[in-house]
Amino acid sequence: MGERSDHPQGPGAAEHPGDSGDSGAPEVEATVVLGLRITDWPALRAAAIRAVEDMDFGGVDPAGQRRELLREVSEDANAALGALLHPDRLVAAVPGVEATGGTLEISVTEDFTPDFAELFPLEGDEEEGGAGADWTLTPRTACLLHAQLLGLADAAYDDLEEHGDDPVADEDDADWTVFPRLPRRTWTLHRSWRRAMSRAFDDLADDLALGEWPLPRCLAEEIALRMALLDARALLGAQPESVADMMGDLPADLYDYDWDGCHDELFGVYGPDDGDPELAAEQRTEVLLAATHPEGWFLMYEDAEERDPQRGYRR
């Protein structure tokens, strides 16, 4: 008797049970366990948004289903991973098989929160601080500023969903949160402009989540950062206990909550350096804001790195 082979040869080889034309093709149950660490949340979010935009939705309200899933993947890392690791999507990349069913389970080993102590270390070379000086953006300042930027982004998107293209009628209108705080000449602008403004808060928050100083790269980001600094200062003054709870075990430092230092170090790195040399960077920006139509607020400064045009929107 010859040796048994699991790889048949000869005329009968074409009728192997695994061939797609054989009604007796085996069904296989595969279990895959992956350990993942999220290292770039903005990139993950953008990829998940693109995946959802390519999906086909059925049922009564496919547009609503897509909109809801886009919201979920934009806000939650688990949802973003779920969209990218769904069994149907994974199997589609494997030739010669089709999915007959499957489930995806994702368990989180730790909260999806940036580790600001690691991202903004208090010890190290001066060059690591970003400005080559003693002042640095501390973990606690970065954490509080990150929270305010995300909160402003959330509120701006809420304004957009509630009001769409409706003009802001009164800065004291309780139905609005963010857009009445902007210059009055922006109050009648369209929803696309408002959506881009909402993303400006997220862009700066993403910088912090990556361990980078939130250096404004355009006029819209200048406005967004000013609002976040103002809100951070106000929250610290009104609710110091809440801020202390938010900080948890983050290390304390002499430069914690140095808002004047933030204005000195974070503004003016990019942007106009011409004009009256007697004016500070923030004052030169005020001149540029007055001379620029709000539609031009999103144009990147010439000396700033362009943001990824495929990064998508939170909502």
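Among contacts in the chain (heavy atoms within 4.5 Å) between residues at least 6 apart in sequence, 68% join residues at least 24 apart. The structure is a predicted model, in which local features need pLDDT of at least 70 and side-chain atom pairs count only at pLDDT 80 or more, whereas totals for chains, interfaces and linings use all residues. Residues are numbered from 1 along each chain as its sequence is written, and side-chain values use heavy atoms, with hydrogens and water left out.

The mean pLDDT (the predictor's confidence in each residue, from 0 to 100) is 82 for the chain, with 83% of its residues at 70 or more.

Eleven helices and zero strands are present in the chain, where helices (H or I, at least four residues) and strands (E, at least two) are DSSP runs numbered from the N terminus. Among these elements, the highest mean pLDDT, 96, belongs to helix α8 (residues 219-238), and the lowest, 77, to helix α4 (residues 87-91).

Of the 315 residues in the chain, 37% are buried, a class defined by under 20% relative accessible area (1.4 Å probe, protein chains only). Both C143, with a relative accessible area of 10%, and C262, with a value of 0%, are buried, and the count of disulfides (pairs of cysteine sulfur atoms within 2.5 Å) comes to zero. The chain exposes about 19100 Å², of which carbon and sulfur atoms supply 48%, as computed by the Shrake-Rupley method with a 1.4 Å probe.

Technical notes
Buried means under 20% relative accessible area, exposed over 50%, partly exposed in between (1.4 Å probe, protein chains only).
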